[in-house]
Amino acid sequence: MSQPPLTTMPQWQALRQHFATIGPKHLRELFAADPQRGVRLTVEDVGLYLDYSKQRVDADTLHLLRELAEACQLPQRIEAMFRGDKINSTEGRAVLHVALRAPTTEKILVDGHDVEPDVHEVLERMAAFSERVRSGAWLGHTGRRIRNVISIGIGGSDLGPVMAYEALRDYSRRDMTFRFVSNVDGTDFAEAVRDLDAAETLFIICSKTFTTLETLTNAHAARAWSVAALGDEKSVAKHFVAVSTNAEGVSKFGIDTANMFGFWDWVGGRYSMDSSIGLSTMLAIGADGFREMLAGFHAMDEHFRHAPLEKNLPALMGLLAVWNNNFLDAATVAVLPYEQYLKRFPAYLQQLTMESNGKHVTLDGKVVDYNTGPIYWGEPGTNGQHSFYQLIHQGTRIVPCDFIGFGQTLNPLPAQGGGDQHDLLMANLIAQGEALAFGKTADEVRAEGTPEALVPHRTFEGNRPSTTILAAKLTPHILGTLIALYEHSVFVQGVIWDIDSFDQWGVELGKQLARTTIAELVAADEPKLAHDSSTNALIRRYRQLRDDAISGKA
């Protein structure tokens, strides 16, 4: 059922009126008025502790946001997703990444068919294959065991596996090398294989259709490299496996279809890392570790489905994101994990959030008159503190921050002056949230003896919103929980904005135009160009630069 235009809804108008009251209030004032705010505005469940007390909201804000969610039928939309309804309306597909991590006891239907047996059949095949490779039972063409794994994909077929491998590196096989190739720039592939022995290298080609241009280009480069080193076309069957549904294309490439691991059209690319796309993850951490990660996903799924909105972690995060985006006019969100293993987590979230909610029309095709998906970005702490935190603290733009930290480190090291380096890391996380919220007034700066001319430069406005997420330790289970938290938060935002969070038509136009352009770049004779003057000039200039380099003129 189509909802009324968002900005005309009484619940939206009520929030707009409320913002006129709370907008000018400083977090100092909100904390002073409620001594228990830092405890009261928290939620703890499924292994995560969420402190949103430093968001610029009060009890009335949260109540009005929940009313908006109810009016936008968020509970019904959540149930529709879990039920297998085709909520990806522009592509006519169900959205069932939750089925990838549900236990065998659950029954999830798509067009009347229970998909759980299919999901677990693939998982069991993945587990059996992973065990053969990890144990040394799977041998390469020359009889040597596999020590190197290179996953080739792009977008959701790459960002999730890369992030998961880096995040769970502490749990991975250290006698195996794992690398990832995504960029069609040949340098990406060349550097990935430069120091590897083809006889010990396994490639995983991740492409649902087995037609993705970038992935297949890199796959053929890998095939040529491997066959040249091993001297036999038949070697492909022992050094390549596929994550795909195109059995004909896989077989034509030379991969044994017995080593093809499928998934389904109700799995979106950016939601696929817990499907067979995660084969490299399973090879790295083992089947048990992979199942532990799936259990973490499922724990958050169950929480999201059943927890009331006021205690629902993804719902709260999603509604606060709407508040910051549409009422505080915050165009970006910084995700700041104080955990080196999560160094690729912000990059992963960039696709998850911006490909999902970077939309300009509603579900019924009408142009929106409000901002939708904000820009997500970030770096691990403490690195970012010496890079962009200056702008977050004293710049002219509000940048809401998500701080992510853990009670225990996986690599304890003593710190100078006593304690653990992890204590120093977490001291920085906690201090940054405090500094962003409360800042430092001009009077406080003067009281420190600062010369008057420097007072404006050393004053911190504060009132910069942030959320802090804490967990005991980064484990496969917690990683799954954390990813699902953001997956469902993205969905919540999309429901409020009345957009389709599960299509991605915006990535198509550039790819379509590139198919024409590549023919013009490689044409033997000067092609007849019919683009705009800039594009025509760029094509001609590239051809000249390339040809001059080849001929030795450059």
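Contact here means heavy atoms within 4.5 Å. The views come from a predicted model, in which local features need pLDDT of at least 70, side-chain atom pairs count only at pLDDT 80 or more, and totals for chains, interfaces and linings use all residues. Residues are numbered from 1 along each chain as its sequence is written, and side-chain values use heavy atoms, with hydrogens and water left out.

**View A. Leu479 in the largest nonpolar core.** Leu479 touches Met163, Ala164, Ala167, Leu168, Met293, Leu342 and Leu474, not counting residues up to four places away in sequence. A nonpolar core is a set of buried Ala, Val, Leu, Ile, Met, Phe, Trp, Tyr and Cys residues joined through side-chain atoms within 4.5 Å. Buried means under 20% relative accessible area, exposed over 50%, and partly exposed in between (1.4 Å probe, protein chains only). The largest core has 123 residues, and those with the most contacts inside it are Trp266, Phe345, Leu479 and Tyr486. Helix α19 (residues 476–497) gives the largest share of this core, 13 residues. Helices (H or I, at least four residues) and strands (E, at least two) are DSSP runs, numbered from the N terminus. Apart from this core lies another, of 21 residues, including Val193 and Phe240.

**View B. The buried face of helix α8.** Phe189, Ala192 and Val193 are buried in α8 (residues 186–193). Seen down the helix axis, the buried residues fall within an arc of 85 degrees, so they line one face of α8. The arc is that of the directions from the helix axis to the C-beta atoms. Their cover includes β5 (148–152), β6 (177–181), β7 (201–206) and α9 (213–230).

**View C. Helix α12 against helix α13.** Helices α12 (residues 279–306) and α13 (residues 313–326) pack at about 70 degrees, with their axes 7 Å apart. The two are therefore roughly perpendicular (angles of 65 to 115 degrees). Met300, His303 and Phe304 of α12 meet Leu313, Pro314 and Ala315 of α13.

**View D. Phe82 in helix α5.** Phe82 counts as buried, at 6% relative accessibility. Leaving aside neighbours within four places in sequence, Phe82 is in contact with Leu96, Val98, Ile108, Asp301, Phe304 and Arg305. Phe82 and Asp301 are 219 residues apart in sequence, yet 9.1 Å apart in space, C-alpha to C-alpha.

**View E. Ala435 in helix α16.** Ala435 counts as partly exposed, at 31% relative accessibility. Beyond its neighbours within four places in sequence, Ala435 is in contact with His393 and Gly462. The C-alpha atoms of Ala435 and His393 are separated by 7.9 Å.

Technical notes:
Axes are lines fitted to C-alpha atoms, for helices over the stretch in contact, and angles run from 0 to 180 degrees between N-to-C directions. Angles under 35 degrees count as roughly parallel, over 145 as roughly antiparallel, 65 to 115 as roughly perpendicular and the rest as oblique.
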